[in-house]
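Please read the report below alongside the sequence and the 3D structure, which are shown first. It begins with the surface and overall form, and then turns to individual residues and their partners.

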Amino acid sequence: MKYSKIFQYAYLVFAALFIYDAIVKYVNAGEVAYPSILLGALAIFMFFFRSKFSKKFENKNNNSN
């Protein structure tokens, strides 16, 4: 269960890195880095999805005991 929490927060780290990359590319070259923005948004979505899924899983395990 601990590993799932670590991976859950790893999505936020990757989101920050992708968004940072998009900002740097925009400031330096004036280009909009759509892949970085898309991957950053996907990582944020995955963080919330995994968070909700793990809470559901924990509730299911607690109710079955």
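What accessible surface does the protein have, and what share of that surface belongs to carbon and sulfur atoms? In this predicted model, the accessible surface of the protein comes to about 5500 Å², and 69% of that area belongs to carbon and sulfur atoms.

## Overall form

The protein has 2 helices and 0 strands. Along its principal axes, the C-alpha trace spans about 55 × 15 × 10 Å, and the radius of gyration is 16 Å, whereas a compact globule of 65 residues would have a value near 11 Å. Of the 65 residues in the protein, 15% are buried.

## The nonpolar patch

Which residues make the nonpolar surface patch? The patch covers about 1100 Å² and is made by Tyr9, Leu12, Ile19, Ile23, Tyr26, Val27, Val32, Tyr34, Ile37, Ile44 and Phe48. Helix H1, which runs over 2-29, and helix H2, which runs over 34-64, each supply at least two residues of this patch, and the largest share, 6 residues, comes from H1. One of the patch residues is Leu12, which is found in helix H1 and counts as partly exposed because its relative accessibility is 34%, between the limits of 20% and 50%.

As background, side chains of opposite charge can pair when their charged atoms come close. Asp21 and Lys25 are 4 residues apart in helix H1, so about one helical turn separates them. Asp21 counts as partly exposed because its relative accessibility is 27%, and Lys25 likewise counts as partly exposed, at 33%.

Is Ser36 buried or exposed? Ser36 counts as buried because its relative accessibility is 7%, which is under the 20% limit.

## Aromatic pairs and a cluster

How many aromatic pairs does a search of the whole structure find? The search finds 4 aromatic pairs. Among them, Tyr9 and Phe47 form a pair that is tilted, with 5.5 Å from centre to centre and 50 degrees between the planes. This pair links distant parts of the chain, since Tyr9 is in helix H1 and Phe47 is in helix H2, 38 residues apart. The rings of Phe47 and Phe48 have their centres 5.1 Å apart, and their planes lie at 70 degrees, so this pair is edge-to-face. Taken together, Tyr9, Phe47 and Phe48 form one aromatic cluster.

| Residue | Relative accessibility | Class |
|---|---|---|
| Tyr9 | 45% | partly exposed |
| Phe47 | 10% | buried |
| Phe48 | 54% | exposed |

Two members of the cluster, Tyr9 and Phe48, also belong to the nonpolar patch described above.

## Further residues of helix H1

Gln8 has its place in helix H1, and the question is which residues Gln8 touches when residues up to four places away in sequence are not counted. Under that condition, Gln8 touches Phe47, Arg50, Ser51 and Ser54. Gln8 counts as buried because its relative accessibility is 4%, and one of its contacts, Phe47, is likewise buried, at 10% relative accessibility.

Tyr20 is also found in helix H1. Tyr20 is exposed because its relative accessible area is 57%, which is over the 50% limit. Between Tyr20 and Ile37 there are 17 residues in sequence terms, and the distance in space is 9.2 Å, taken from C-alpha to C-alpha.

Methods:
Residues are numbered from 1 along each chain as its sequence is written. This is a predicted model: local features need pLDDT of at least 70, side-chain atom pairs count only at pLDDT 80 or more; totals for chains, interfaces and linings use all residues. Side-chain values use heavy atoms; hydrogens and water are left out. The radius of gyration is taken over C-alpha atoms; the globule rule is 2.2 Å times the number of residues to the power 0.38. Buried means under 20% relative accessible area, exposed over 50%, partly exposed in between (1.4 Å probe, protein chains only). Accessible areas come from the Shrake-Rupley method with a 1.4 Å probe; for residues, only the protein chains shown count as cover. Patches are made of residues with over 30% relative accessible area and no salt bridge: like charges are joined within 9 Å, nonpolar side chains (Val, Leu, Ile, Met, Phe, Trp, Tyr) within 5 Å. A salt bridge is a side-chain nitrogen of Lys or Arg within 4 Å of a carboxyl oxygen of Asp or Glu. Rings of Phe, Tyr and Trp (its six-membered ring) pair if their centres lie within 6.5 Å; planes under 30 degrees apart count as stacked, over 60 as edge-to-face and the rest as tilted. Contact means heavy atoms within 4.5 Å.
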